[in-house]
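Colleague: I am new to reading protein structures, and I would like to learn how the features of a model are described, one at a time. Could we go through one together?

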Amino acid sequence: MPGPRSGMIQCFIKRDKSTSTYYLYLCLSPAVLSEDGKFLLAAKRNRRTTYTEYIISVDRKNISRSSNGYVGKMRSNFLGTKFVVYDTQTPHNAGSLLSCERGSRRISSRRVSPKVPTASYPIARVNYELNLLGTRGPRRMNCTMHSIPASALDPEGMVPGQPKQLFIPGSSSFGESFRSANTSSSSRFSVTDRSLDFSSSRFSEISGLAQQDEGSGQAKERPLALRNKEPRWHEQLQCWCLNFRGRVTVASVKNFQLIAAPQLDSESSQQAQQQAQPSNSSSVLDHDKVILQFGKVAKDMFTMDYRYPLSAFQAFTICLTSFDSKLACE
């Protein structure tokens with residue numbers, strides 16, 4: 001379920017370095033440093049020889065792919081600059097996404113449901129730009145949400161397969177609606193993906209997804225692209241600054257804000273859009289809004305605020321990419 005259009009859903013992430021685990025909570029208090037929250041998701045980082053893997057679960061005590069709470073995972077390359085997010089829930093364009101996932105899979109027979117596809121869907125890709133020349137500046141990141149079309153940001157746009165009404169009748173807040181929806185959907189966690197081939201070629205396959213779709217002869221929408229909002233240099237403070245509106249209190253290279261990236265369309269399509277919507281300024285404003293922001297407030301505590309069209313799972317995985325060290329990007 002994506003966040004609302006009207007405002008940001010405020011959450012916080014607690015990090016446990018001793019166990020390499022991360023916990024996402026829904027804020028129940030407006031105070032930034034308050035630890036009063038409703039548990040949503042947990043992630044555990046596992047370092048391998050050539051990559052790093054994050055397991056995402058709704059079970060805070062059993063964070064593994066064999067648990068009923070397993071909802072997805074994320075994997076990075078060796079440098080920690082490229083990440084792919086996998087979801088066990090079937091997206092609207094599952095057929096094209098599965099074309100990128102050709103790795104061998106071992107599924108536990110007792111955990112396979114005939115109504116649920118035994119697969120992991122690569123729904124998002126996060127890339128950090130390399131800074132080989134060592135120029136001064138913060139990290140630069142780009143996100144491609146393959147399960148969300150770019151048109152979802154339009155005033156009448158929607159995320160396919162998502163409910164039109166975000167609030168459940170009778171619920172007094174989005175948080176209550178989130179908890180109710182989370183409880184009712186627990187039956188879908190019946191897929192276990194025990195083994196997936198992982199190599200640098202996997203990233204190139206996913207990055208070429210849009211080009212493959214365009215050449216297939218079917219009219220498919222471009223995926224939503226996000227980029228980090230560029231900070232400004234503060235001469236007095238001698239640091240890079242972003243306006244987090246009080247939600248971030250500690251300077252860190254991990255802090256970021258994501259906005260919609262401009263679509264690289266042809267000049268003819270741009271002219272057609274301008275003729276069709278000559279005075280539609282609301283669409284431009286929606287593309288300039290901060291969709292996700294993440295920042296440090298204490299030693300092992302970070303705030304995470306997101307809005308439509310991202311879900312809590314998608315926002316959480318994007319924020320997890322910021323925890324890895326990236327010597328070639330800073």
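**Reading the features**

Modeller: Let us begin with a salt bridge: Glu35 forms one with Lys14, and the closest N and O atoms of this pair are 3.2 Å apart. The pair links distant parts of the chain, since Glu35 sits in the loop between strand 2 (21–27) and strand 3 (37–47) while Lys14 belongs to strand 1 (residues 9–16), 21 residues apart. Please keep in mind throughout that this is a predicted model.

Colleague: How many salt bridges does a search of the whole structure find?

Modeller: The search of the whole structure finds 5 salt bridges.

Colleague: Is Glu35 buried or exposed?

Modeller: The idea is to look at the relative accessible area, where a residue is called buried under 20% and exposed over 50%, with partly exposed in between. Glu35 has a relative accessible area of 52% and is therefore exposed, whereas Lys14, at 28%, counts as partly exposed.

Colleague: Which side chain meets that of Arg75 in a salt bridge?

Modeller: The side chain of Glu53 does, with a distance of 2.7 Å from N to O. Glu53 lies in strand 4 (residues 52–57) and Arg75 in strand 5, so this pair ties together parts that are 22 residues apart in sequence. Both Glu53 and Arg75 are buried, and the two residues are also linked with Arg65 in a network of salt bridges.

Colleague: Where in the chain do Arg247 and Asp305 lie?

Modeller: The side chains of Arg247 and Asp305 meet in a salt bridge as well, at 2.8 Å from N to O. Arg247 is found in the loop between strand 11 (239–241) and strand 12 (256–260), and Asp305 in strand 14 (residues 301–306), so the pair ties together parts that are 58 residues apart in sequence. With a relative accessible area of 6%, Arg247 is buried, and Asp305, with 2%, is buried too.

Colleague: Now I would like to turn to strands. How many bridges join strand 5 to strand 6?

Modeller: To read a pairing, one looks at the bridges between two strands and at the direction in which they run. Here 5 bridges join strand 5 to strand 6, and the two run antiparallel. As one example, Lys73 has Tyr86 as its bridge partner in strand 6. Strand 6 is also joined to strand 7, again with an antiparallel course, by 6 bridges, and Phe83 stands opposite Val126 of strand 7.

Colleague: Why is strand 6 described as largely enclosed by the rest of the structure?

Modeller: Strand 6 is described in that way because 5 of its 6 residues are buried. Asp87 is found in this strand, which spans residues 82–87, and Asp87 counts as buried because its relative accessibility is 10%. A polar atom of the Asp87 side chain lies 3.0 Å from the backbone nitrogen of Gln89.

Colleague: Which residue takes a positive phi in the hairpin of strand 5 and strand 6?

Modeller: That residue is Gly80, with a positive phi near 70°, in a hairpin that has 5 residues between the strands. The backbone nitrogen of Gly80 lies 3.0 Å from a polar atom of the side chain of Asn77. Asn77 itself is found in the loop between strand 5 (70–76) and strand 6, and at 16% relative accessibility it counts as buried. The C-alpha atoms of Asn77 and Glu53 are separated by 9.3 Å, although these residues are 24 residues apart along the chain.

Colleague: Which residues make the nonpolar surface patch?

Modeller: The patch, of about 340 Å², is made by Phe78, Leu79 and Leu130. Leu130 lies in the loop between strand 7 (121–128) and strand 8 (141–149) and is partly exposed, with a relative accessible area of 46%.

Colleague: Finally, what does the chain look like when it is described as a whole?

Modeller: One then reads totals rather than single residues. The secondary structure comes to 7 helices and 14 strands, and of the 330 residues of the chain, 49% count as buried. The accessible surface comes to about 16,600 Å², of which 49% belongs to carbon and sulfur atoms. Among contacts between residues at least 6 apart in sequence, 66% join residues at least 24 apart.

Technical notes. Residues are numbered from 1 along each chain as its sequence is written. This is a predicted model: local features need pLDDT of at least 70, side-chain atom pairs count only at pLDDT 80 or more; totals for chains, interfaces and linings use all residues. Side-chain values use heavy atoms; hydrogens and water are left out. Helices (H or I, at least four residues) and strands (E, at least two) are DSSP runs, numbered from the N terminus. Buried means under 20% relative accessible area, exposed over 50%, partly exposed in between (1.4 Å probe, protein chains only). A polar contact is a pair of N or O atoms within 3.5 Å; within protein, one must be able to donate a hydrogen and the other to accept it, and residues adjacent in sequence count only if both atoms are side-chain atoms. Contact means heavy atoms within 4.5 Å. Accessible areas come from the Shrake-Rupley method with a 1.4 Å probe; for residues, only the protein chains shown count as cover. Patches are made of residues with over 30% relative accessible area and no salt bridge: like charges are joined within 9 Å, nonpolar side chains (Val, Leu, Ile, Met, Phe, Trp, Tyr) within 5 Å. A salt bridge is a side-chain nitrogen of Lys or Arg within 4 Å of a carboxyl oxygen of Asp or Glu. Two strands pair if DSSP finds at least two bridges between them.
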